[in-house]
Amino acid sequence: MSKSIQDIESFIREMDLTCEIPREGTCVVTGLSDVNNVVITLAGPVVVFRVKILDIPRHNREDLFRTMLELNATEMMHGAYGIEGDAVVISDALQLENLDFNEFAATMDDITLAVSSHRSRLARYREA
């Protein structure tokens, strides 16, 4: 049986989180500690997770990019830091067809852990 956005919504409810659906195939998840608005989107056979971490600063950009690459290489279990537009994001992707609750929950937990454990290291790049 093929998985759908309803399966994703069911996983979200099972984790006691809430989900807003701004458009078909997209859930914006809230209720995670230390993390605002994890966007989960179905992109064909893939489920894409994305959360904005901070705006790219005008200064110290190279240092920020180096820090992101170091974190990707040493501390990111699932997903990676990247740039989307003018923002630093964490993104991850999983195959929809074989996705189960444990894999979904592990990805959400890894994103939450990365945000909370890297918060102080990335805070110096936030501009007032």
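This report describes a helix pair, a group of aromatic rings and the surroundings of one isoleucine in a predicted model.

## Packing of α2 against α3

Two packed helices are described by the angle between their axes and the distance between the axes. For helix α2, residues 61–74, and helix α3, residues 101–123, the angle is about 160° and the axes lie 11 Å apart. Because angles over 145 degrees count as roughly antiparallel, α2 is described as roughly antiparallel to α3. The crossing in which α2 passes α3 is right-handed.

On the α2 side, the contact is made by Leu64, Thr67, Glu70 and Leu71, while α3 contributes His118, Arg121 and Leu122.

## Aromatic pairs

The structure contains 3 aromatic pairs. In one of them, the ring centres of Phe11 and Phe104 are 5.4 Å apart and the ring planes stand at 45°, so this pair is classed as tilted. Since Phe11 belongs to helix α1, residues 5–14, and Phe104 to helix α3, the pair ties together parts of the chain that are 93 residues apart in sequence. Phe11 and Phe104 are both buried.

Phe104 also pairs with Phe49: here the ring centres are 5.6 Å apart and the planes are at 50°, so this pair, too, is tilted. Phe49 is buried, as is Phe104. Taken together, ring pairs join Phe11, Phe49, Phe101 and Phe104 into a cluster.

Ile40 is located in strand β3, which spans residues 38–43. Its relative accessibility is 0%, and Ile40 therefore counts as buried. Although Ile40 and Ile12 are 28 residues apart in sequence, their C-alpha atoms are 10 Å apart in space.

Leaving aside residues up to four places away in sequence, Ile40 touches Ile8, Ile12, Gly25, Thr26, Cys27, Val29, Val47, Val48, Phe49, Phe104 and Met108.

Methods:
Residues are numbered from 1 along each chain as its sequence is written. This is a predicted model: local features need pLDDT of at least 70, side-chain atom pairs count only at pLDDT 80 or more; totals for chains, interfaces and linings use all residues. Side-chain values use heavy atoms; hydrogens and water are left out. Axes are lines fitted to C-alpha atoms, for helices over the stretch in contact, and angles run from 0 to 180 degrees between N-to-C directions. Helices (H or I, at least four residues) and strands (E, at least two) are DSSP runs, numbered from the N terminus. Angles under 35 degrees count as roughly parallel, over 145 as roughly antiparallel, 65 to 115 as roughly perpendicular and the rest as oblique. A crossing is left-handed if the near helix is turned anticlockwise from the far one by less than a right angle, and right-handed if clockwise. Contact means heavy atoms within 4.5 Å. Rings of Phe, Tyr and Trp (its six-membered ring) pair if their centres lie within 6.5 Å; planes under 30 degrees apart count as stacked, over 60 as edge-to-face and the rest as tilted. Buried means under 20% relative accessible area, exposed over 50%, partly exposed in between (1.4 Å probe, protein chains only).
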